Amino acid sequence: MSVAVNESSARATAIATQGLRKSYGEIEVLKGIDFTAREGEVVSILGASGSGKSTFLRCLNLLELPSAGSLDVFGERVRLKQGASDAHIADRKQVDRLRTQVAMVFQNFCLWSHMTVLENLMEAPVHVQGRKKAEVRDEALSILERVGLTHRADAYPAQLSGGQQQRAAIARALVMKPRVLLFDEPTSALDPELVGEVLKVMRDLATEGRTMLIVTHEMAFARDVSNRILFLDQGRIEAQGQPQQLFAGGVSERFDQFVRRFNESAAH
Ligand code: ADP
Ligand code: MG
């Protein structure tokens, strides 16, 4: 009997969690997440508000520390000390290193308002990664060209539209040369007419074979661009699979209900 080799299973594991839990005091927000993302995979994370999507992403780049379970980044287990009520970082250097590999793009851009776009891009590579200024500048300018912002390199964030700010934030993540990109509702703060320009940049990145985990409510985008959908419900993975399988319906009653509600609200 021959075994078909699934293309994605042949690739290296980028991120893996096992039994990942996160509590805030008495409230358990993530209730044991077993998840693997392979290199080059684009995974959209869907779920109702409060289901734990942001908390999950924030655990993956250690903005939050998991209360229990394991997290591996490119085969390296994150070393945490689990205390009675909270986790602590056991190896600060490891965490700093892994954080540069797993970049995050936020809903509200989080650009530094007192720096120009170019300065925003250069700040971390020069001051955190200790790279040469001239080299970083060249790279930053070529990334700005890719996201269509060359002409805004010397502008301050407040002088940009929301769509431009988010493209600058994506450029700022890229200049760190991360191996994984996390997006937390990157278009949710944008006026509807500006959503498309940001999704286009993200679509290009996905086509390049970047590893991307995207929390989004852009259902059509998730469906077209992702290799896989992860549906969270009350801190658990309720369903996951290829978009065409999941969106065909019948896999998870809760997912179907989520999509129905989404379509109803979009129709109004
Ligand atoms: P989502 O991104 O899916 O909307 P979140 O991960 O932001 O969900 O939140 C999941 C749950 O965790 C929510 O009930 C939220 O109130 C709670 N939560 C998130 N962050 C904190 C925090 N820092 N302290 C206490 N509760 C939190
Ligand atoms: Mg959220």
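## Basis of the values

Residues are numbered from 1 along each chain as written, and chains are lettered from A and ligands numbered from 1 in written order. In this predicted model, local features need pLDDT of at least 70 and side-chain atom pairs pLDDT 80 or more, while totals for chains, interfaces and linings use all residues; side-chain values use heavy atoms, without hydrogens and water.

## Ligand 1

Around ligand 1 lie Y24, V29, A48, S49, G50, S51, G52, K53, S54 and T55, where near means a heavy atom within 4 Å. This shell comprises 3 nonpolar, 6 polar and 1 charged residues (Ala, Val, Leu, Ile, Met, Phe, Trp, Tyr, Cys and Pro are nonpolar; Asp, Glu, Lys and Arg charged; the others, Gly among them, polar). Helix α1 (residues 53–60) contributes the most, with 3 residues; helices are DSSP runs of H or I, at least four residues, and strands runs of E, at least two.

Oxygen atoms of ligand 1 are placed 2.5 Å from a side-chain N or O atom of T55, 2.9 Å from one of S54 and 2.7 Å from a polar backbone atom of G50. The protein covers 57% of the 560 Å² of accessible area that ligand 1 has on its own (Shrake-Rupley method, 1.4 Å probe).

## Largest pocket

The lining of the largest pocket divides into 14 nonpolar, 3 polar and 4 charged residues. Its largest share, 5 residues, comes from α3. Because domain 1 (13–101 + 182–267) and domain 2 (111–177) both give residues to the lining, the pocket lies between them; the bounds come from an automatic or database domain assignment.

Note on methods: Polar contact = N/O pair within 3.5 Å; in protein donor to acceptor, adjacent residues only side chain to side chain.
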